[in-house]
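Welcome! Take a moment to look over the sequence and the 3D view, and then let us walk through them together.

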Amino acid sequence: MNLQLTEDGRLRHLLTLDGLPRAILTQILDTAESFMDVGEREVKKVPLLRGKSIFNLFFEPSTRTRTTFEIAAKRLSADVVNLNIATSSQTKGEAILDTVDNLAAMHADMFIVRHAQSGAAHFIARHVAPHISVVNAGDGRHAHPTQGLLDMFTIRRFKGEFHNLTVAIVGDVLHSRVARSQIHALTTLGVPEVRVIGPKTLLPTGVEQMGVKVFHDMEAGLAGCDVVIMLRLQNERMKGALLPSAQEYFKFFGLTLEKLALAKPDAIVMHPGPMNRGVEIDSEVADGPQSVILPQVTYGIAVRMAVMALLAGGTTA
Amino acid sequence: MHASLPDVDPLIARLAVAIAPTLTPDTVIVGIHTGGVWVAERLHAILHCPLPLGMLDISFYRDDFSRIGLHPQVKPSNLPFDLEGRDILLVDDVLHTGRTVRAAMNELFDYGRPASIRLAVLVDRGGHELPIRPDFAGLTLSVPDHQNINLSRLDDGHLTLTLA
């Protein structure tokens, strides 16, 4: 049974983009499109989630994701409570469910969960009462579905279609939940060529089985790309010496204007943030005309509004 | 009953005649998706309204959202003018319970504070559940609750009313 969908095929939780049908992805993107103008109004709010309580459960620090979830919930008129919870390492499982039970007793309607451990959001989703929805805001190396969706929204806004694109994901794919969500979404939405580019030590073994082409040098990998997605070098997740140095990484895999020139002239550059300038991306590229990194942040609000609205609607039938 | 539903064009013409003397330089016409926009487009043309036509999708303001969820095809609202101080002519195809009009007014006020709002509908079918009445109605009927009046648009743009 798919934990994410109701029996009649509607979104119940958003935990991963793996296995979500194209129709649901498209529905989320279309709904986000209709939320885009709410940010331009005099009153930047619609009353859809009035009276609902949304809890941001962040077991791991985050600025952008937590803030845009909070803004999105507030634009939908929900009440938002932010909880930044430091975790103890051993009894995580029990501690999480205790926290969740307590918040459910405060009449929570939705949990937005970020956790360093893969599967945390699934774990909570299996536990909660039927009227409560869970959104995964990043779990370990596993998934970050709303980031994947906002990246798809950005690509669609700038490129219009998916079926004629070549998309490269560059860098630390091994530690990246964002990359995994992007790959699932890109292949589901019909992108014919998805590439991953990185040193062997930062690409997961068997990544080809996700339907991507693997490159170990930028020159070949970037040639002819419509979209270049840079990943953050996840120093804090790096265990052991996977790389000689940040300087050497920049030399081979950092995106500079010279390397970007290998992609199509109208290629867009994306980055999920936060950026390590001078490590995976040069400032000239990050702040340059092909960069859509700041629009990604803005679109994140509309996409998260869409996800929350689709989850919260029609639940009291 | 079915056979007695009149042609739409004369109804719109009648509406336009009633509305014309009430127009001000600040009048803007706003149609509610989808049928209301069709009627509003016609009125906008007949009345030679100088300001652009507004369109409202009230999906985000429906009071049955928590029961039935989001409408599958939400179209963005488009109000290409400042609402502040305007006289709004709100247009819908069929007035039934009044809940759509209530939602539309709530949405309008999130864009600004209009000077006035008046309501024009092609058909007032009765069955009101709120204290909302049209200022202009092309046709006033008393349709039983189990029946529905629908406005549809053919490929050639022709509008027709059906009762089912």
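Let us start with a pair of strand residues. Ile229(A) stands opposite Met270(A) in β9(A). Helices and strands here are DSSP runs, numbered from the N terminus: a helix is H or I with at least four residues, and a strand is E with at least two. You are looking at a predicted model, in which local features need pLDDT of at least 70, side-chain atom pairs count only at pLDDT 80 or more, and totals for chains, interfaces and linings use all residues. Residues are numbered from 1 along each chain as its sequence is written, while chains are lettered from A and ligands numbered from 1 in the order in which they are written.

**Around strand β8 of chain A**

Three bridges join β8(A) to strand β9 (residues 268–270) of chain A, and the two run parallel. Strand β5 (residues 166–170) of chain A also pairs with β8(A) in the parallel sense, over four bridges. Two strands count as paired if DSSP finds at least two bridges between them. Val167(A) has Val227(A) in β8(A) as its bridge partner.

Which way do the residues of β8(A) point? Val227(A) and Ile229(A) point one way from the strand (residues 227–230), Val228(A) and Met230(A) point the other way, and all are buried. A residue is buried if 20 or more other C-beta atoms lie within 10 Å of its own, exposed if 12 or fewer, and partly exposed in between, with C-beta atoms placed from the backbone.

In domain 1 of chain A, 20 residues are in contact with 17 residues of domain 2 of chain A. Contact means that the C-beta atoms of two residues, placed from the backbone, lie within 7 Å.

The largest nonpolar core has 143 residues, and those with the most contacts inside it are Phe111(A), Val228(A) and Met308(A). A nonpolar core is a set of buried Ala, Val, Leu, Ile, Met, Phe, Trp, Tyr and Cys residues joined through C-beta atoms within 7 Å. Helix α11 (residues 293–312) of chain A gives the largest share of this core, 13 residues. Domain 1 and domain 2 of chain A both give residues to the core, so it lies between them.

Leaving aside neighbours within four places in sequence, Phe111(A) is in contact with Phe55(A), Leu57(A), Val100(A), Ile124(A), Ile132(A) and Val134(A). Phe111(A) also stands opposite Val134(A) in β4(A). Strand β4(A) is mostly covered, with seven of its seven residues buried.

An open sheet of chain A has four strands in the order β2-β1-β3-β4, with parallel pairing. Its edge strands, each pairing on one side only, are β2 (79–84) and β4 of chain A. In chain B, five strands form an open sheet in the order β2-β1-β3-β4-β5, and the pairing is again parallel. The edge strands there are β2 (54–56) and β5 (136–140) of chain B, each of which pairs on one side only.

Here are some of the strand pairs in these sheets.

| Strand pair | Sense | Bridges |
|---|---|---|
| β1 (residues 53–58) of chain A and β2(A) | parallel | six bridges |
| β3 (residues 110–115) of chain A and β4(A) | parallel | five bridges |
| β1 (residues 27–32) of chain B and β3 (residues 87–95) of chain B | parallel | five bridges |

In β3(B), Asp87(B) is the bridge partner of Thr27(B).

**Where the chains meet**

How many residues of chain A are in contact with chain B? The count is 17 residues of chain A, in contact with 15 residues of chain B. Both α1 and α11 of chain A supply at least two residues each to the side of chain A that touches chain B.

Ser34(A) is found in helix α1 of chain A. Not counting residues up to four places away in sequence, Ser34(A) touches Val74(B), Lys75(B) and Pro76(B). Is Ser34(A) buried or exposed? Ser34(A) is buried, because 22 other C-beta atoms lie within 10 Å. The C-alpha atoms of Ser34(A) and Ala302(A) are separated by 8.3 Å, although these residues are 268 residues apart along the chain.

Notes. Domain bounds come from an automatic or database domain assignment.
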